[in-house]
Amino acid sequence: MNTFHKIGVIGGGAWGTALAQTVAKTGPQVTIWARETEVVQSINDRCENSLFLPGVALDPAIHATSDLGELASAEMVLIVTPAQHMRATLKDFACHLRVGSPLVLCSKGIEQGSLKLMSEVLAETIPNARSAVLSGPSFAADVARGLPTAVTLACADRGLGEDIIATIGSASFRPYYAPDVIGAEVGGAVKNVLAIAAGIVDGKALGRSAHAALISRGFAEMTRLGVALGGKAETLAGLCGLGDLILTCSSPQSRNMSCGLALGRGESLETIMVQRNSVTEGVASAPAVVALARRHGVEMPICEAVNSVVSGAGTVDEAIAALLSRPFTSENA
Ligand SMILES: NC(=O)c1ccc[n+]([C@@H]2O[C@H](COP(=O)([O-])OP(=O)(O)OC[C@H]3O[C@@H](n4cnc5c(N)ncnc54)[C@H](O)[C@@H]3O)[C@@H](O)[C@H]2O)c1
Ligand SMILES: O=P(O)(O)OC[C@H](O)CO
């Protein structure tokens, strides 16, 4: 049963479009705001997002707009803009938000400079907004095609979380409730950084053993940071942490992993970025993850290694050598 009947989606990239598609299937009226006029036209005229999600036939009932004011009557709004543009987008939308309508944060990243999680950016831009976080292993193309997917819906208010799940959930798109917003956000942001490392491992042909070690030690890093920031280890062991880490580190369909693959094969970050029109959140979040870890005295050597590569401070080979020369330590330290 749908609790919310008019849904707004802010962000016409692959993920905003896939979420609009899966929500529209369950019944509500969906309006998607996109920054690019060509995306608005493509969705309204041809039922396709030819720029960010080509080849997927969208529900004809989905309406796209360039005017945030058209979302003023939305009973719930999914925010699906890249993390580094979250603050500006929320500021632009604040005056249009219908009183009491919840916002569901669907982006995965940490803001550079402020080192804020997306829920903290929201609290600063729209104080007292009702909110939740959607995160977990979910490629936009899979969700848009209706393939089975399970994700975490984290919300401090269980009743609101259940209402959101009742609205967006379906047989193929299955949100699991969790109360721990911080854990869900840290999982989503850190897995992107670790997926770049996993791609480098494959690009350098370091073998499946190294790949498994990377996921396992990366998960330890993610959990340490999540707990230090007030999240729960059990949340990080779920879909939004370990689940998403496994997905993103295992498929070149991931923009983060494919970026690492290309780095491992010797391409420069500049060349990789010029070739894509999609967001690679791990590149943007790596400096923030590392700075947060240092602030909290948390050891994150794999994330440090990724940051040294994407910031240009060191080469891929230097980063690998630094990791492999670390002193032996206890597994649970
Ligand atoms: N694609 C996926 O499979 C997927 C799955 C889960 C979560 N996410 C998350 O969703 C968020 C959006 O990713 P996506 O895959 O939809 O993006 P995308 O790569 O498909 O598209 C890029 C998006 O960035 C926007 N953009 C570019 N410059 C901008 C600016 N200056 N201001 C505001 N927006 C700007 C574009 O309008 C577009 O919506 C990310 O945080 C990502 O981690 C993506
Ligand atoms: O393509 P990526 O690396 O941004 O990953 C997409 C999703 O976050 C996977 O859950």
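**Ligand shells, helix packing and the domain contact**

Me: Which helix gives the largest share of the shell around ligand 2?
Reply: This is a predicted model, in which local features need pLDDT of at least 70, side-chain atom pairs count only at pLDDT 80 or more, and totals for chains, interfaces and linings use all residues. Residues are numbered from 1 along each chain as its sequence is written, while chains are lettered from A and ligands numbered from 1 in the order in which they are written. Helices (H or I, at least four residues) and strands (E, at least two) are DSSP runs numbered from the N terminus, and α7 (181-203), α10 (239-250) and α11 (255-264) each supply at least two residues of this shell. The largest share, 3 residues, comes from α10.

Me: Which residues of the shell are closest to ligand 2?
Reply: A residue counts as near a molecule or strand if its C-beta atom, placed from the backbone, lies within 6 Å of it. On that basis 13 residues surround ligand 2. The closest are P137, D244, S254, R255 and N256.

Me: How many charged residues does the shell around ligand 2 have?
Reply: Here Ala, Val, Leu, Ile, Met, Phe, Trp, Tyr, Cys and Pro count as nonpolar, Asp, Glu, Lys and Arg as charged, and the others, Gly among them, as polar. The shell around ligand 2 has 4 nonpolar and 5 polar residues. Its number of charged residues is 4.

Me: Where does ligand 1 lie relative to the two domains?
Reply: Ligand 1 is surrounded by 25 residues, the closest being G13, A14, W15, S107 and S278. Helix α1 (residues 14-25) gives the largest share of this shell, 3 residues. Domain bounds come from an automatic or database domain assignment. Both domains give residues to the shell, so ligand 1 lies between domain 1 (6-179) and domain 2 (182-325).

Me: Are α7 and α8 roughly parallel or roughly antiparallel?
Reply: Axes are lines fitted to C-alpha atoms, for helices over the stretch in contact, and angles run from 0 to 180 degrees between N-to-C directions. Angles under 35 degrees count as roughly parallel, over 145 as roughly antiparallel, 65 to 115 as roughly perpendicular and the rest as oblique. α7 and helix α8 (residues 208-228) pack at about 155 degrees, their axes 9 Å apart. That makes the pair roughly antiparallel.

Me: How many nonpolar residues are in the contact of α7 with α8?
Reply: Two residues are in contact if their C-beta atoms, placed from the backbone, lie within 7 Å. Residues of α7 including V186, V190 and L194 meet residues of α8 including L214, I215 and M222. This contact has 5 polar and 3 charged residues, and its nonpolar count is 12.

Me: What is the orientation of α8 and α10 to each other?
Reply: These two helices pack at an angle of about 140 degrees, with their axes 11 Å apart. I215, G218, F219 and M222 in α8 meet G241, L242, L245, I246 and C249 in α10. By class, that contact has 7 nonpolar, 2 polar and no charged residues. α8 and α10 are therefore, by their angle, oblique.

Me: Which element gives the largest share of the side of domain 1 that touches domain 2?
Reply: The domain centres, taken over C-alpha atoms, are 24 Å apart, and the contact takes 26 residues from domain 1 and 26 residues from domain 2. On the domain 1 side, α4 (118-125), β6 (131-135), β7 (149-154) and β8 (173-178) each supply at least two residues. The largest share, 4 residues, comes from β7.
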